[in-house]
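Hi there,

I'm handing over a structure for you to look through.

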Amino acid sequence: MKKILLLLLLTSASVYSQKYVDSIYNFKIEEGNIIWQKVFKSDVKELQKTFIKKTITNIKLENLQEIDQTISFNVVDDMIDFKKYGGKTMTTSFHVLGPKNYLVVIDFKEKKYRVTIKQISIDLRSNRLGISTFEDLFYRKKKIKNTKTSQKDLKYYHRHFIEKFTITDKKDDW
């Protein structure tokens, strides 16, 4: 009986400790803020120019700045196509459905580039909830919430960001 009780206590302690994590789906905490960061590899020549031509031209953005091997810009009114990733309107969180604004910083090196997304805010005014930040939604006890719902939601963001910032050669057959 004591062994069973001890096992239950240890199991519940390990489950509780996993309620908050340092990183999940390339999201991590940096200086009290949640950022998404991923390094992409590419054999494309003139990587920075190609990235701008093939990726940025399809994004609604403001304040594009290009300094040496770094570009930065603000993405505005970005929408996640959650249905593409298996989501349904009635079971997907409000913040995934709403338009998002965020800062993107991209650093280029030979044959790779690093995308950092920060200052993510979600416009929930249509639901009378105002504007929320990622930290409002996912940041607790200096860590990222790790619940079933937050995992599902962060996975939508993760997949969306990967798709949005991967250099692809789109064939236009018009």
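**Helix H5 and its buried residues**

The buried residues of helix H5 are Ser150, Asp153, Leu154, Tyr156, Tyr157, His158, His160, Phe161 and Phe165. Here, buried means under 20% relative accessible area, exposed means over 50%, and partly exposed lies in between (1.4 Å probe, protein chains only). Helices (H or I, at least four residues) and strands (E, at least two) are DSSP runs, numbered from the N terminus.

Before going further, please keep in mind that this is a predicted model, in which local features need pLDDT of at least 70, side-chain atom pairs count only at pLDDT 80 or more, and totals for chains, interfaces and linings use all residues. Residues are numbered from 1 along each chain as its sequence is written, and side-chain values use heavy atoms, with hydrogens and water left out.

H5 covers residues 148-165, and its 18 residues reach 26 Å from the first C-alpha to the last, close to the 26 Å expected at 1.5 Å a residue. That expected span is 1.5 Å times one less than the number of residues in the helix.

Why does Ser150 count as buried? Because its relative accessibility is 3%. Leaving aside residues up to four places away in sequence, Ser150 touches Phe138 and Lys145, where contact means heavy atoms within 4.5 Å. A polar atom of the Ser150 side chain also lies 2.9 Å from the backbone nitrogen of Thr147.

**The strands**

Now for the strands, where two of them pair if DSSP finds at least two bridges between them.

- S5 (residues 61-67) runs antiparallel to S6 (residues 70-78), with five bridges. Ile67 stands opposite Thr70 in S6. Two residues lie between the strands of this hairpin, and Asp68 takes a positive phi near 50 degrees.
- S6 is joined to S7 by seven bridges, again antiparallel. Asp78 has Lys100 in S7 as its bridge partner.
- S7 (residues 100-109) pairs with S8 over nine bridges in the antiparallel sense. Lys109 is partnered by Lys112 in S8. This hairpin has two residues between its strands, and Lys111 takes a positive phi near 65 degrees.
- S8 and S9 (residues 131-133) run antiparallel and share three bridges. Ile122 has Ser132 in S9 as its bridge partner.

S8 (residues 112-123) is also joined to S4 (residues 33-41), by six antiparallel bridges. There, Lys41 stands opposite Lys112.

Enjoy exploring!

Terms used. Polar contact = N/O pair within 3.5 Å; in protein donor to acceptor, adjacent residues only side chain to side chain.
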